[in-house]
Amino acid sequence: MKKRIVAFRRLNDDQLDQLRGDFHVDYFDKLESADDPAFLAALAQAHGLVGASLKITPELLDKAPNLEAIASISVGYDNYPVDELTRRGILLCNTPDVLTETTADTGFLLIMATARRAVELADFVKRGDWQSSIGEAQFGSDVYGKTLGMVGLGRIGAAIARRGALGFGMPIMYSNAAPKPALEEELGARHCELDELLEVADFVCVTVPLSAQTERLIGAREFALMRHSAIFINISRGKVVDEAALIAALEQGEFRAAGLDVFEQEPLPKDSPLPQMANVVALPHIGSATVETRTAMAQRAIDNITLALSGQRPISPVNTDAWATLDD
């Protein structure tokens, strides 16, 4: 008898057919709430979940007594109670690697857009305000040769640093839990404490995962350390930054500009001042949002759940301790 999967993220027809060839699939491509009665009814029988952007709580897990594995279509897994999943013997998988380069493109896009004031000046043209040659009031700042400070140097952080060092001649400094000797040799990167990075870097780019240790890692104290000419970039998670402190620092001119793809609350509340600030480029969490990458992420999740529910090791498990049959 086929096992049952609940899929709650849009999949293409080929991917859906692949899943249906191996499992009974309950498909919710436009799920708006975990309280949806049809979703809860399907969850009660599910052996596997495939999806993203849904907060999985212990209470929700109580409604899924047969659940064996979850394949998240994401790298980050802050929406999942990992310790609780492990305690219940539920395997969690994610999708690292396949979105690294695309998300790094987004990070460097924010660096370029904020430095050259691209969004602000595009709006300037759209409004019809370009009536004569631009002057100093519209000048941006250079990117080439400026110091790039990476807060976190994992896969995505390293990909951004590689773009900066090799493409734009940028000296790289980084704060990270552990030194990365290979990247230091490849990129000439220098490991340092966070405070030094904030005081020195022309661009401060945050790429750390969200955890108890990194929540509100960057707040009022950290913003006060930054150079007035510096630019702040966040493509990690919104809660890594104290957003109220960020807004206050921008209003007070603690640093020059911010490029943001993530926020404490998403979608961004309509009353947030951030999108209205001329020196802020705010994107709707598009880090991995290309057709090619989202397709690859969904495929990785499908491959993960197929392997997990057949008793084989998935490609990218998060909590291998969940199953005693999986080798570390």
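Author: Gladly! Keep in mind that this is a predicted model. Let's begin with His-47, which sits in the loop that runs between α2 (37-43) and β3 (48-51).

Reader: Is His-47 buried or exposed?

Author: Buried means under 20% relative accessible area. His-47 has 19% relative accessibility, so it counts as buried.

Reader: Which residues does His-47 touch, leaving aside those up to four places away in sequence?

Author: His-47 touches Lys-3, Arg-4, Asn-66, Leu-67, Glu-68, Ala-69 and Leu-309.

Reader: Now the helices, please. At what angle do α1 and α12 pack?

Author: Angles under 35 degrees count as roughly parallel. Helix α1 (residues 13-22) packs with helix α12 (residues 291-309) at about 5 degrees, and their axes are 11 Å apart. The two helices, α1 and α12, are therefore roughly parallel to each other. On the α1 side, the contact is made by Gln-15, Gln-18, Leu-19 and Asp-22. Helix α12 contributes several residues, among them Thr-295, Ala-298, Ile-302 and Ile-305.

Reader: How many residues of that contact are nonpolar, polar and charged?

Author: The contact of α1 with α12 has 4 nonpolar, 5 polar and 2 charged residues.

Reader: What about the cysteines? How many disulfides are there?

Author: A disulfide is a covalent bond between the sulfur atoms of two cysteines. Here the count is 0 disulfides.

How values were computed: Residues numbered from 1 in each chain as written. Predicted model: local features only at pLDDT ≥ 70, side-chain atom pairs only at ≥ 80, totals over all residues. Heavy atoms only, no water. Disulfide = S-S within 2.5 Å. Axes fitted to C-alpha atoms, helices over the stretch in contact; angles between N-to-C directions. Helix = DSSP H or I, 4+ residues; strand = E, 2+ residues; numbered from the N terminus. Parallel < 35°, antiparallel > 145°, perpendicular 65-115°, else oblique. Contact = heavy atoms within 4.5 Å. Nonpolar A, V, L, I, M, F, W, Y, C, P; charged D, E, K, R; others polar. Buried < 20%, exposed > 50% of the residue type's maximum accessible area, 1.4 Å probe, protein only.
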